[in-house]
There are 2 protein chains.
Amino acid sequence: MSGATGTRVGEFAPVPAAAPAARTVRVALAGCGVVGGNLLRLIADQRTSMQREHAVRLEVVRVLVRDPAKARATPLLAERFTADPAELLASAPDVVVEAMGGAEPALSLARRTLARGGAFVTANKQLIAAHGAELAGLARRHGGRLDFEAAVGGGIPILRVLRDSLPPDGVTAVRGILNGTTNFLLCALEGGVTFADALAEARRLGFAEADPGRDLSGRDAADKLRILAWLAFGAEPARISVHTRGVLPDPARYSADAAALGGVTRLVAECALTTRGPVASVEPWVVAPGSELGAVSRERNLVSLTTRESGDLALAGPGAGGAPTASVLLADVLHGAGRLPVRSDAFAAAVDARELKWLLSVPRSPSLPRLLPAVLRRARVAPERLELDGADGVARLLLRPTTRARAEALASLLSSDEAPVCLSRVANL
Amino acid sequence: MSGATGTRVGEFAPVPAAAPAARTVRVALAGCGVVGGNLLRLIADQRTSMQREHAVRLEVVRVLVRDPAKARATPLLAERFTADPAELLASAPDVVVEAMGGAEPALSLARRTLARGGAFVTANKQLIAAHGAELAGLARRHGGRLDFEAAVGGGIPILRVLRDSLPPDGVTAVRGILNGTTNFLLCALEGGVTFADALAEARRLGFAEADPGRDLSGRDAADKLRILAWLAFGAEPARISVHTRGVLPDPARYSADAAALGGVTRLVAECALTTRGPVASVEPWVVAPGSELGAVSRERNLVSLTTRESGDLALAGPGAGGAPTASVLLADVLHGAGRLPVRSDAFAAAVDARELKWLLSVPRSPSLPRLLPAVLRRARVAPERLELDGADGVARLLLRPTTRARAEALASLLSSDEAPVCLSRVANL
């Protein structure tokens, strides 16, 4: 790091942790399950960095739960919990975050929040698939804000990309693996596990609920696809009919069918502009194992966009889990910021002390075998494999894991203008 | 599409093409090469959709070029072109878009635009890598706006994801293939093409300039990595020292070295928080051919993020080309919008008329061979392959390309409660 020190001067002077300019944002949270609980933890963990980078202090003023008396491992006082939606809204929140799922009280909370110009952030795909257009209209008319990144694609920020990062009319097709539960189960079946064992494992890891019916039938993916089609093509999500066939009643047979063609099964959601108009479907596809869709493993999700001007874009990430969903909710709460960083103390000079694998090659010379042992000693590195007589006249040396500094010391000892060394870092092969 | 018709009522009533509310945004463009020319074309092509969806009319008020007299295939009047940067700024633009590259007049244009609170949108990675922190400071102090999505990752909206879609302190490592030219050449070498032929082909396709030195040396990727490290970790880009080794002087040897280990070479840019602090490097890596990095082919780019809470995210897309870059510039010009769609006429009811490939399976029954010909005739589909005696007691039928409707008709003719049909769509295998 050229001349970097712990403290910086100039444009990016460090902002003190308790910057006086930090604005307090009052957050009301509906739901304190896996996602809501993770969000409370994140808000507590990242208090300092949010003040520093967003000049924002989030205060959780009220949490709506079924049973306020239940013991919870949260940093919040018990009196902040309530079972009454009216009390949640009466707490004068700047942002209402909804992480309950289901129809009510989610819809009422959204309507009331947006109708008075507030911000509503939700992970509720069913709510947005059914009422997104109405709620967006409310937000527009009353100057409110509606964000729902966490509703689609788990930790993948696909909605923000569709809303902010592509020009209008930019997308001609959206294709994706949107249900992590189904993908986890299909991957387990590919690996020879029985469906019962796969489902037990998915439940143990928190990737499947007691009843995976909404997942395996394709209905969950269809709701998410409605939201994607809305943002990509502008249709009201509730009016988009998605041709939906899941992998029921026999997911294992779908897997065996694909194997008979040398492929693997993926439950793929697609909306596309065809010559006859836009179409939308969720159905099992047979794809090549190494293809973009086939390479999506376990609970991961993938969304690929075909664009008019930007070719094909693909985004992949975790499709399920409380932490990724909470992380995306928090980003939505902070959105509107879109700020460039103000922090500056993160890049103190650091030496890369990691032990990595390296491959060196050098044109063969008669003296090399004689010189090499001393050179290796001097650079304090050890070979894992050595090929002095490559067919192309090049000697190759795979090093045991060592630092970049040592690998480069060896390279410079062996290198000359006539016989330059090529040094590559070796990833897990 | 359930009950959809050409016209819609409700929250998403169509906005007339010449909506009176459309705000005019005056755009001054610096540079009219491949990227600038594509941007002018895009602005003309998407006039209607921008009015409808963003309520914005972009007016290109001035274009800065070296030779205003040169004949150009643009929809603009000749008097809009100028060779004088002062005249560009005097045109009272709302947004200055810089697509020239290089140090000047880009830096002066940026400083002057931001110092008076204007919006500056650029594709210039060298400018941002060298002066990003200063310019961001100017924008912050004067209420201006600085956007540079097109500077990194070609058509991949990675900067927007880092700025808006992750909570603070969310990223622990950024890893990517950021130079499309080098990746194109390395992929050609893998395929057995000589370096000279590969370079000629890359130039012919517009993926390499006359001198690919900045690309192959890793300097281009290092500038982009500085910008990524800035947004991920907050360090001033100019102060981040990137350990840079490219694939010079002999890209073909790097490729042969990787092949000797059964891998492929990729020029990988990485910044990561290690136990000793943050480190940044651009260097050749040997990676497995089917791995995330190894699967990046030709001029494509890929950025993968390791996050604290959201697991690993990966974004892939076109890394080079005038159209993707112009498309990203246009999205940056329109940014701040972040609007949910207002259009509503896009999803007229459409039947999926595409001819796709399908695979059906059905538990074997004694009557199946006898029934099948008549059923196929009735559904008007033809088999490409038929396996009546699968080892698992299942008969499988691969259809010649046909519509979903016909494939489903066949499935429902063959299906029964005791012997349900599994129907899968078959992608290119």
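Is A:Trp230 buried or exposed? Select this residue to begin the tour, and bear in mind throughout that the model is predicted. A:Trp230 is buried, with a relative accessible area of 0%.

**Aromatic pairs in chain A**

Over all chains there are four aromatic pairs. One of them joins A:Phe148 to A:Trp230, and this pair is stacked, with 5.6 Å from centre to centre and 10° between the planes. If you colour the chain by element, you will find A:Phe148 in the loop between β6 (145-147) and α6 (158-164) of chain A and A:Trp230 in helix α10 (residues 219-233) of chain A, so that the pair links distant parts of the chain, 82 residues apart. A:Phe148 has a relative accessibility of 1% and, because buried means under 20%, counts as buried.

Next, select A:Phe184 and A:Phe207, whose ring centres lie 5.5 Å apart with the planes at 55°, so this pair is tilted. A:Phe184 belongs to helix α7 (residues 180-190) of chain A, while A:Phe207 sits in the loop between α8 (195-204) and α9 (213-216) of chain A, and the pair therefore ties together parts that are 23 residues apart in sequence. Both A:Phe184 and A:Phe207 are buried.

Sorted by class, the contact of α1(A) with α12(A) has nine nonpolar, four polar and one charged residues.

Now move to chain B and select helix α5 (residues 125-142) and helix α10 (residues 219-233), which pack at an angle of about 25° with their axes 8 Å apart. α5(B) and α10(B) are therefore roughly parallel to each other, and their crossing is left-handed. From α5(B), the contact is made by B:Lys125, B:Gln126, B:Ile128, B:Ala129, B:Gly132, B:Ala133 and B:Ala136, and from α10(B) by B:Asp220, B:Asp223, B:Lys224, B:Arg226, B:Ile227 and B:Trp230. The residues of this contact between α5(B) and α10(B) divide into six nonpolar, two polar and five charged.

**From A:Ser424 across to chain B**

Which residues is A:Ser424 in contact with, leaving aside its neighbours within four places in sequence? Select A:Ser424 in strand β16 (residues 422-426) of chain A, where it counts as buried at 0% relative accessibility. Its contacts in chain A are A:Lys357, A:Trp358 and A:Leu359, and those in chain B are B:Tyr254, B:Pro284 and B:Val286.

Follow B:Tyr254 into helix α11 (residues 251-260) of chain B, where the buried residues are B:Pro251, B:Arg253, B:Tyr254, B:Ser255, B:Asp257 and B:Ala258. α11(B) is followed by B:Gly262, which has a positive phi, near 80°.

**Backbone details in chain B**

The peptide bond from B:Leu248 to B:Pro249 is cis, with omega near 5°. Another cis peptide bond joins B:Glu104 and B:Pro105, with omega about 5°, and B:Pro105 is placed in the loop between β4 (95-98) and α4 (106-115) of chain B.

Then select B:Ala92, in the loop between α3 (85-89) and β4 of chain B. Although B:Ala92 is not a glycine, its phi is positive, at about 55°, and the residue is partly exposed, with a relative accessible area of 47%.

The last stop is B:Arg380, in the loop between α13 (368-379) and β14 (383-387) of chain B. B:Arg380 is not a glycine either, yet it has a positive phi of about 55°. With a relative accessible area of 57%, B:Arg380 is exposed.

Key. Residues numbered from 1 in each chain as written. Chains lettered and ligands numbered in written order. Predicted model: local features only at pLDDT ≥ 70, side-chain atom pairs only at ≥ 80, totals over all residues. Heavy atoms only, no water. Phe/Tyr/Trp six-rings, centres within 6.5 Å; stacked < 30°, edge-to-face > 60°. Helix = DSSP H or I, 4+ residues; strand = E, 2+ residues; numbered from the N terminus. Buried < 20%, exposed > 50% of the residue type's maximum accessible area, 1.4 Å probe, protein only. Axes fitted to C-alpha atoms, helices over the stretch in contact; angles between N-to-C directions. Parallel < 35°, antiparallel > 145°, perpendicular 65-115°, else oblique. Left-handed = near helix turned anticlockwise from the far one by under 90°. Contact = heavy atoms within 4.5 Å. Nonpolar A, V, L, I, M, F, W, Y, C, P; charged D, E, K, R; others polar.
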